[in-house]
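My notes follow the order in which I checked them.

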Amino acid sequence: IQMRTNIVLDEDLIDEAFKYAGVKTKKELVQIALQEYIENHKKKNLMDLKGKINFSEKYDYKKTREGI
């Protein structure tokens, strides 16, 4: 699903973003920005769980990794 929209963007910000993004169009640039925004917020939400999950004393993460 795609949505057409008109937005006013800071030209200096756009120019700087193009230097790092490696894309040619504003559409691609905005798409990448949205994807990275979402990914970063998902990671942030996971970090909020730090110290709140209690694992069983018998849990062996190294043994779990060996099965991969």
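I noted the ground rules next. This is a predicted model, where local features need pLDDT of at least 70, side-chain atom pairs count only at pLDDT 80 or more, and totals for chains, interfaces and linings use all residues. Residues are numbered from 1 along each chain as its sequence is written, and side-chain values use heavy atoms, with hydrogens and water left out.

I checked confidence. pLDDT is the predictor's confidence in each residue, from 0 to 100. The protein averages 88, and 97% of the residues score at least 70.

I listed the elements as DSSP runs numbered from the N terminus (helices are H or I, at least four residues; strands are E, at least two). I found 3 helices and 0 strands. The order along the sequence is α-α-α.

I looked at both ends of helix 1. At its start (the helix covers residues 11-21), a side-chain oxygen of Asp 10 comes within 2.9 Å of the backbone nitrogen of Asp 12. Gly 22 follows helix 1 with a positive phi, near 70°.

I then took overall dimensions. The radius of gyration, over C-alpha atoms, is compared with a globule rule of 2.2 Å times the number of residues to the power 0.38. The protein has 20 Å, whereas a compact globule of 68 residues would have a value near 11 Å. Its C-alpha atoms fill a box of roughly 55 × 30 × 25 Å along the principal axes.

Two residues got a closer look. Is Glu 57 buried or exposed? Glu 57 is exposed, at 85% relative accessible area. I placed Glu 57 in the loop between helix 2 (26-47) and helix 3. Glu 57 and Tyr 37 are 20 residues apart in sequence, and their C-alpha atoms are 36 Å apart.

Ala 33 sits in helix 2. Its relative accessibility is 45%, so Ala 33 counts as partly exposed.

Terms used:
Polar contact = N/O pair within 3.5 Å; in protein donor to acceptor, adjacent residues only side chain to side chain. Buried < 20%, exposed > 50% of the residue type's maximum accessible area, 1.4 Å probe, protein only.
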